[in-house]
Amino acid sequence: MSRLHPALLYLTIYNPSLRPSEEVSKDDEDAEEQAQILFYTSQERAASRDKMLRQVGLAKALVNFSEIFHPTNSCHNVHSQSRRMIMINPEPDFWIHAAVELAKTPRTLLPKPKDKGKGKEKGKGKEKEQASALQPSYDYHDGSLHDYALRARLLRGYEQFKLTHGSFTSILNSLGQEALELQLERFFTVWAWSWDLSKSPELNDDLGLSLHPLYPSILPLLDTFSSQLPAGLDALFLSPPHVVPSTRYRQSNHPPALSRHLLSLIPRHLLHHEADDRPEASSPTEKGAAANTAAKEVGSSGNPSGGFLGMPSSLAMSMDVRNWSWPGALTFGKGAERNLPVTEREGIKPNPSVAESTSTVTEVDRGALEDAMSSADIHSLLEKANGGLSVTDPHAAHEGRSEVDHSGDTPRPSRVPSPLPADGSSTSPLEPEKPDRYCQLDFACTFVFLPESDDPLETHRRQVIHLRCQSLAVALIADADNVEDYDTHVISEAASQLLHEVEIMIVAEATRASEILPSASKILQPKDNHLIGFDHFTAASPDFVAKSDHLYNGKQLMEQDSRITEVFSRGQQPQHWHVSKRDNTGGEEREIFLEVARKETSLSDVDNILQRLQLHPF
């Protein structure tokens, strides 16, 4: 029988301290209970009021009952045969409660033997069988959901709302309950039903964003750039799906939702999709975006991964036999025609204007051509990625430049021939000239709500500046709502130099990785995978996604009891080691998750691997 995935049953947000805005009768308890519900959405499109009050009332009763035994640690998870109930308390008096149905498999009903009896008893039995047949039975899978993954998902949703709208408390105090209910309805209705519970949870997402594989090398460059900025700006380097926070950024204790939100606004690998329409990349900007993936494959041991027999993916070649031009080969005398143009073979008359254009040199404005090639498509892509945010470029408008019209049948700028040099030397028409600046930057601004250092519930609006070049970007978080006092020209020049140096570093690392060929033992031997989480960021083995139940169970045990620092487990089929460890080496708390796939590995070998990771996490 087919297995049905877990599904969200309902999601609600309530505050038990709220009271009705209008006077109601003291006997009308339902009115008081309903006034405490700020948001409710259910799998049933039209849930009755009584059902909504019963579900919220059950959550309140469970929390109050658990506080009798643990006043400081109330109930957060409730397990039943068919569902999980999750309650989190992100702010004082505010509760987010979700009920999720477990994965289930329809149960096959075996036909019952016929019983001989009296007619009256036989009639009652048929009625019971018909009633049970109308309600199908299921076998529920208790291990299909992890409490830690559900709680982490709900907390990420709350942090995202707080970042884009403000905290529950600040909205309630400044705008009132009606405005809070409206904003919760707009955000959490879409968020709740975009929650895909059919996918296996990934511990990488729950711990934080992934740091760039070249994090130790990029951090000094980013800190140097950050030192050139005014005192009110914090820098964050973005290269989807990786980030590099500056030291000043980490010291500011920004919420983890901020880096996630800023990373979602950056288009991912624009040049990767445009590679078929462009000539061979000749600048570090074009090579850096294409080589970022190759640099990610370089692990801590310095050996590339992926590709055929562990060889680097950059050595792979793509062939298409339809493009092989073998005249007269394998024709067996049939169709051995002379090589005619396509237009003559198909009986199509060539266009005289097209034939003439092949031998005519067209004079074009090189400045307008370069400007159109570098900024026209990028601006439109950035506006789509930012959801309609305004994008401005202070260097886009120059005097004396003409505009190129791309409408109609006008040929693409990259296909317009350029005039030949006077000396008659053959020069590629698309060979880039040395730019005056390092990189053409795209500017975009957005606003977020960040809490103050002394009060996390008091959020204020902040402005964030995006400086992007191709697939690399730098985000600058200002400590004020208005950043007009900053010298944007100086900041853009420093950001352009930073992105240029990072691109050169990525290209150099990708080139070095492509020249390293793994040995036969490393190809055949299974690799050890690790995941290290610290300060809401992660560093992991290349292409490793932690989905094991053993790692989630170890994480949950360490969350429940702070005295548990290590959890070792080994499966049966396959016999892999799984380790979860809390480490405080170097004064910074880290969580290490290790997966060893070698059968001959002993417990002492696993401990040695852990010690190496503690000393060299990158």
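## Strand 19 and its partners

Strand 15 (residues 529-534) and strand 19 run antiparallel, joined by five bridges; strands here are DSSP runs of E of at least two residues, helices are runs of H or I of at least four, and both are numbered from the N terminus. Two strands count as paired if DSSP finds at least two bridges between them. In this pairing, N529 sits opposite E595 of strand 19. Strand 18 (residues 577-583) also pairs with strand 19 in the antiparallel sense, over seven bridges, and there D583 faces R590 of strand 19. The hairpin of strands 18 and 19 has six residues between the strands, and G586 takes a positive phi near 80° in it.

So how buried is strand 19 (residues 590-596)? Seven of its seven residues are buried, so the strand is largely enclosed by the rest of the structure. (Buried is under 20% relative accessible area, exposed is over 50%, and partly exposed is in between, using a 1.4 Å probe and protein chains only.) Side chains in a regular strand alternate between the two faces of the sheet. Strand 19 has both faces covered: R590, I592, L594 and V596 are buried on one side, and E591, F593 and E595 on the other.

## The model and the whole chain

All of this comes from a predicted model, where local features need pLDDT of at least 70, side-chain atom pairs count only at pLDDT 80 or more, and totals for chains, interfaces and linings use all residues. Residues are numbered from 1 along each chain as its sequence is written, and side-chain values use heavy atoms, with hydrogens and water left out.

The protein chain carries 19 helices and 19 strands, and 39% of its 618 residues are buried. Take the contacts (heavy atoms within 4.5 Å) between residues at least 6 apart in sequence: 68% of them join residues at least 24 apart. The chain exposes about 36400 Å², with carbon and sulfur atoms supplying 51% of that; the areas come from the Shrake-Rupley method with a 1.4 Å probe, and for residues only the protein chains shown count as cover.

Five strands make an open antiparallel sheet in the order 2-1-5-4-3. At its edges are strand 2 (37-42) and strand 3 (77-79), each pairing on one side only. Strand 3 pairs with strand 4 (residues 83-91) over three bridges, antiparallel again, and N77 stands opposite I86 of strand 4.

Helix 4 (residues 147-164) lies across strand 1 (7-14), strand 3, strand 4 and strand 5 (94-101), at about 40° to strand 4. Its axis comes within 9 Å of that of helix 10 (residues 256-264), crossing at roughly 75°. (Axes are lines fitted to C-alpha atoms, for helices over the stretch in contact; angles run from 0 to 180 degrees between N-to-C directions.) That makes helix 4 and helix 10 roughly perpendicular, the label for 65 to 115 degrees; under 35 is roughly parallel, over 145 roughly antiparallel, and the rest oblique. R156, E159, Q160, L163 and T164 of helix 4 meet A257, L258, R260 and H261 of helix 10.

The P240 to P241 peptide bond is cis, with omega near 5°, and P241 is in the loop between strand 9 (233-239) and strand 10 (242-245).

Two non-glycine residues take a positive phi of about 60°: Q470 and D543. Buried or exposed? Q470 counts as buried, at 14% relative accessibility, whereas D543 is exposed, at 54%. Q470 lies between strand 13 (459-469) and strand 14 (472-478), and D543 between strand 16 (537-540) and helix 18 (549-560).
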